[in-house]
Amino acid sequence: MSLAPAHARAARTGTPIERLSVAVCRVPTDAPESDGTFAWSSTTLVVVHATAGGRTGLGWSYAAAAAARVIADSLAPVVRGKDARSPVAAWHAMREAVRNVGRPGIASCAIAAVDLALWDLATRLSDLPLARALGLVRARVPVYGSGGFTSYPIAHLQRQLAGFAAAGMRMVKMKVGRDRAADPMRMRAAREAIGADTQLFVDANGACDVPGALALAREAHDVGATWLEEPVSSDDAAGLRAVRDRLPPGMALAAGEYVWEPREALRLLQPGAVDVLQLDVTRCQGCTGFMRAAALAEAMNVPVSAHCAPALHAAPCCAAAGVRHVEYFHDHARIEGMLFDGVPRVVDGMLAPDLSRAGHGMALRAREAARFEV
């Protein structure tokens, strides 16, 4: 009979993942939302729970319901039985399992949801906060308020952006590009609402060609904007570089929210297409993918900004050295506050993970979530 403590024996022999469960929730927006190229009235979450050793980890992705089928059919069979204390091993197995499914897009979002649950599970088993397990380099990270949808009337736009600034956020972002003739007026209204001391970011979601993007950059510069996001499609690295080379002084070009796996970040980093690389932990294959892509950006001296999902980004963004800030996206921040306990709070424009609790410290409100299950 071994006299070693149970947790020590488990650390030597491994703790097999027993179960992976997945659910889909679809939450209506609180008002119609649109950007330069898309419009939506609801947001879908794919929620994963992973169980091992009497503990359960939680992860989710903002993705189509099809990601749940990928998890059930392709990922769960290769994850079950893996050591719950070694999430990176499961990550590699999941990547191999979706080779013929097609890794970018839906499959990467599915991997992200599972990987996030497995990191939460592993750190709960070890009684460690997730941010410390990933390698804490800062206790908190700045956020910028994000919304300003093109569907909003001017009064709504101004009220929302002014609310972000009043809450202590020193940067706010609005959507542009759907009605180019209206953009200058909308940007002036945004500046009026937030005042001179709050930075204004604008996001076109790939709505422009290169000449149109340069015209938008000049208009945005006229109202003091310091950030131009995805002025042309993120698929067009050469176009992004062409815009970046001719931006007004003091304006940064950002893109990368559709980086689906770590090495794909090089498509934007190597040609110098961006001043800031955006990464999304719910798209780029979870904590494992995010940290690896962030390391590539750090090696090339390009800062990272986290795209959306603020609650899930708190821990990895306090562990990745080159992170500049996290997007406090209105739709996701509202949903996370509705459906999850333990969501990190924004205080004085900063987001901090809970270092007093193991894992990421969050739990699904099952009864509330059940209202939105599909």
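Predicted model: local features only at pLDDT ≥ 70, side-chain atom pairs only at ≥ 80, totals over all residues.
Numbering runs from 1 along each chain as its sequence is written, and side-chain values use heavy atoms, with hydrogens and water left out.

**Overall picture**

- The protein has 14 helices and 15 strands, taken as DSSP runs (H or I over at least four residues for helices, E over at least two for strands) and numbered from the N terminus.
- A compact globule of 374 residues would have a radius of gyration near 21 Å, and the protein agrees at 21 Å; the radius is taken over C-alpha atoms, and the globule rule is 2.2 Å times the number of residues to the power 0.38.
- The C-alpha trace spans about 75 × 40 × 35 Å along its principal axes.
- Of the 374 residues, 57% are buried (under 20% relative accessible area, with exposed over 50%, partly exposed in between, a 1.4 Å probe and protein chains only).
- Take the contacts with a separation of 6 or more: 72% of them join residues 24 or more positions apart, a contact being heavy atoms within 4.5 Å.

- The buried side of the story for α11 takes in Gly 286, Cys 287, Thr 288, Gly 289, Phe 290, Met 291, Ala 293, Ala 294 and Ala 297.
- After α11 comes Asn 301, with a positive phi near 60°.
- Helix α7 (residues 183-194) has twelve residues and should span 16 Å at 1.5 Å a residue; its end C-alpha atoms sit 17 Å apart, which agrees.
- Buried in α7 are Asp 183, Arg 186, Met 187, Ala 189, Ala 190, Arg 191 and Ile 194, and their cover includes α6 (154-166), β5 (171-175), β6 (199-203) and α8 (210-222).

- Ala 23 belongs to strand β1 (residues 19-34) and is partly exposed at 22% relative accessible area.
- Setting aside residues up to four places away in sequence, Ala 23 touches Leu 45, Val 46, Val 47 and Glu 373.
- Leu 339 is in helix α13 (residues 330-339) and counts as buried, with 1% relative accessibility.
- Beyond its neighbours within four places in sequence, Leu 339 contacts Val 27, Leu 45, Ala 363, Leu 364, Arg 365, Glu 368, Ala 369 and Phe 372.
- Leu 339 and Arg 246 are 93 residues apart along the chain, with 43 Å between their C-alpha atoms.

**Positive phi in loops**

- Most residues other than glycine have a negative phi.
- Glu 230 has a positive phi near 40°; Glu 230 sits in the loop between β7 (227-229) and α9 (237-244) and is buried, at 4% relative accessible area.
- Asp 348, also not a glycine, has a positive phi of about 55°; Asp 348 lies in the loop between β13 (346-347) and β14 (350-351) and is partly exposed, at 43%.

Notes:
Expected span 1.5 Å × (residues − 1).
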